[in-house]
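Thanks for asking me to look this one over. Here are my notes, in numbered points, to read beside the model.

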Amino acid sequence: MRYTAVTHIPSIAIKQGVVPEGAQITIAIPTYKRAHLLRETLESCLAQQTNCPFAIMVVDNNPERECETEQLLREYKAIPNLFYYKNTENVGMTGNWNKLFELSQTNFVVMLHDDDLINPSYIEKIYDVLKLYKYNVNAIYVQHFLFTHISEISIQESNKNYRVIPLKPFDYIFGVFSTISGVCFNKKVAVKLNGFDDTHYPLMDYMFSYSITKETKVLKIVGVPLLMYRCDENVSSTAENTFKLIDEYKKTTDIILLDYPFYKKLYPSFFKYLIKKNVIEEQKRVFNTQDPRLDEKYNEITKSITPYDKIVYLFWRILRKVNFFSKRLYQKRI
């Protein structure tokens, strides 16, 4: 459900917070029946080590009243900068993501999945980047590391300066598999794009990232992981969705390649060799998906690779390294 459609469906303000004076950022958390994980996410937001003002907002896609999530949020009623909304009907995952842009009251919106965590220095570093660019930024992406249980997390802040590099539409030819969790979006730009589009499922986040990058002024913080991304079994980890993911990557890349016709004839070999294999490998590694169909598909792809594919793949590897190395020419240290 696109942004313009979802705004016609009311959301109830269960807890109406107050945006702190001068706040530019809202950490916006879409949730649906995962109160046990949401608590950890909220605690990571409240543990921010900063004097920079920000708001926190939870948007619940479960219309049921007195649910476990609503009971959990009562424990946080004393937090003045916390907002809690409940949609009057289930608007789907994409619709709830778009609700974040409708309901937030600040210029920038950080989407944070309800099972992920942010580094205690997240807000401080995002503000540093916004100030450096005089708030003239459309999106700020961050590095992440994977975890399955909170006990695995050990935050060790580096004394080294972190860096900011630009992201360009051309980067998405190489499969920039960045999660949108932890990304700081310019609200006006997100609304201008009409939010996320579920017709690109399960790559609506990838396509939205590509679209917002075409708006320019999109950055990525590297050198320090600011997001802890939870790897757990979910709908994305099934074999069916893995195959759907591969198909959608192909469709998405075909759209991107319309702007880069020189690479269009070479890309199928790269896609076969890297994208198809990598998607399956990542699904098995990250989600520990055990399904013989994935192994069968992987073997089928491997056997179909020709010497020509390998040569083209080598070209793409070199091109990709050159592309990302060139970003160092434009990086800024903070």
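1. A word on burial to begin with: a residue is called buried at under 20% relative accessible area, exposed at over 50%, and partly exposed in between, using a 1.4 Å probe and protein chains only. By that cut-off Cys52 is buried, because its relative accessible area is 13%. Cys184 counts as buried too, at 1% relative accessibility. The structure holds zero disulfides, a disulfide being a pair of cysteine sulfur atoms within 2.5 Å.

2. Some ground rules. This is a predicted model, in which local features need pLDDT of at least 70 and side-chain atom pairs count only at pLDDT 80 or more, while totals for chains, interfaces and linings use all residues. Residues are numbered from 1 along each chain as its sequence is written, and side-chain values use heavy atoms, with hydrogens and water left out.

3. The overall picture. The chain has 11 helices and 11 strands; these are DSSP runs numbered from the N terminus, helices being H or I with at least four residues and strands E with at least two. Of the 334 residues, 54% count as buried. The chain exposes about 15,800 Å², and carbon and sulfur atoms supply 53% of that area, as computed by the Shrake-Rupley method with a 1.4 Å probe, where for residues only the protein chains shown count as cover. Among contacts (heavy atoms within 4.5 Å) with a separation of 6 or more, 86% are between residues 24 or more positions apart.

4. Nonpolar cores. I use the term for a set of buried Ala, Val, Leu, Ile, Met, Phe, Trp, Tyr and Cys residues joined through side-chain atoms within 4.5 Å. Which members of the largest core touch the most others? They are Met57, Tyr141, Phe185 and Ile212, out of 48 residues. Apart from this core lies another, of 41 residues, including Phe54, Leu72, Ile118 and Cys231. As background, nonpolar side chains in soluble globular proteins tend to be buried together.

5. Met57 deserves a look. Met57 sits in strand β3 (residues 54–60) and counts as buried because its relative accessible area is 1%. Beyond residues up to four places away in sequence, Met57 touches Thr26, Ile27, Ala28, Ile29, Phe83, Tyr85, Leu100, Leu103 and Ser104. Between the C-alpha atoms of Met57 and Ala28 the separation is 4.7 Å, although the two are 29 residues apart along the chain.

6. Helix α4 supplies two of those names: Leu100 and Leu103 are among its buried residues. The helix covers residues 92–103, and its 12 residues reach 16 Å from first C-alpha to last, close to the 16 Å expected at 1.5 Å a residue; that expectation is 1.5 Å times one less than the number of residues. Nine of the 12 residues are buried, so by the under-20% rule α4 is mostly covered. Trp97 and Phe101 also belong to the buried set.

7. Aromatic pairs. The whole structure contains 10 of them. Rings of Phe, Tyr and Trp (its six-membered ring) pair if their centres lie within 6.5 Å, and planes under 30 degrees apart count as stacked, over 60 as edge-to-face and the rest as tilted. Phe185 and Phe196 make an edge-to-face pair because their planes are at 85 degrees, with centres 6.5 Å apart. Phe185 lies in strand β9 (residues 183–186) and Phe196 in the loop between α6 (187–192) and α7 (204–214), 11 residues apart. Phe185 and Phe208 are also edge-to-face, at 5.4 Å centre to centre and 75 degrees between the planes. Phe208 is in helix α7, so this pair ties β9 to a part 23 residues apart in sequence.

8. Ring pairs link Trp97, Phe101, Tyr141, Phe185, Phe196 and Phe208 into a cluster.

9. Two backbone spots to check. Most residues other than glycine have a negative phi. Lys33, in the loop between β2 (25–31) and α2 (35–46), has a positive phi near 55 degrees. Thr216 has a positive phi of about 70 degrees, and is found in the loop between α7 and β10 (218–230). Thr216 counts as partly exposed, at 40% relative accessibility.
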